[in-house]
Amino acid sequence: MKKIDWAAKLSSRKFWALLAALATSVLTAAGAGDNVVLHVTGVIGAVGACAAYMLAEGLADGASKASGDSADSGGRNSVDKAEE
């Protein structure tokens with residue numbers, strides 16, 4: 001049995017679009033009002049965007065640590081480093 005790569009799934013825009021479409025269809029079929037459908041779809045889109053961003057940043061940070069790259073400066077930019 002093949003293992004599911006959840007990090008890739010959760011960072012996929014296609015996955016979140018599918019989830020929003022499914023929620024829209026189910027809520028519409030259940031007779032929910034337009035405002036409810038709109039709000040639920042908006043929340044799914046927002047959560048999806050945040051999940052994708054967090055996973056992408058985590059993967060980038062992990063890759064830079066594995067390669068020994070010091071790209072993550074702890075929130076300091078080159079001007080801050082030059083002042084030290």
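The protein chain exposes about 6600 Å², of which carbon and sulfur atoms supply 64%; accessible areas were computed by the Shrake-Rupley method with a 1.4 Å probe, and for residues only the protein chains shown count as cover. The model is predicted, so that local features need pLDDT of at least 70 and side-chain atom pairs count only at pLDDT 80 or more, while totals for chains, interfaces and linings use all residues. Residues are numbered from 1 along each chain as its sequence is written, and side-chain values use heavy atoms, with hydrogens and water left out.

The secondary structure of the chain consists of four helices and zero strands, in the order α-α-α-α from the N terminus. Helices (H or I, at least four residues) and strands (E, at least two) are DSSP runs, numbered from the N terminus. Of the 84 residues in the protein chain, 12% are buried (under 20% relative accessible area; exposed is over 50%, and partly exposed lies in between, with a 1.4 Å probe and protein chains only).

Helix α1 spans residues 6–10 and includes L10. L10 has a relative accessible area of 30% and is therefore partly exposed. Together with I4 and W6, L10 forms a nonpolar surface patch with about 300 Å² of accessible area. Patches comprise residues with over 30% relative accessible area and no salt bridge, like charges being joined within 9 Å and nonpolar side chains (Val, Leu, Ile, Met, Phe, Trp, Tyr) within 5 Å; a salt bridge is a side-chain nitrogen of Lys or Arg within 4 Å of a carboxyl oxygen of Asp or Glu.

A46 is located in helix α3, residues 34–66. A46 is partly exposed because its relative accessibility is 41%. The C-alpha atoms of A46 and W16 are 9.5 Å apart, with the two residues 30 apart in sequence.
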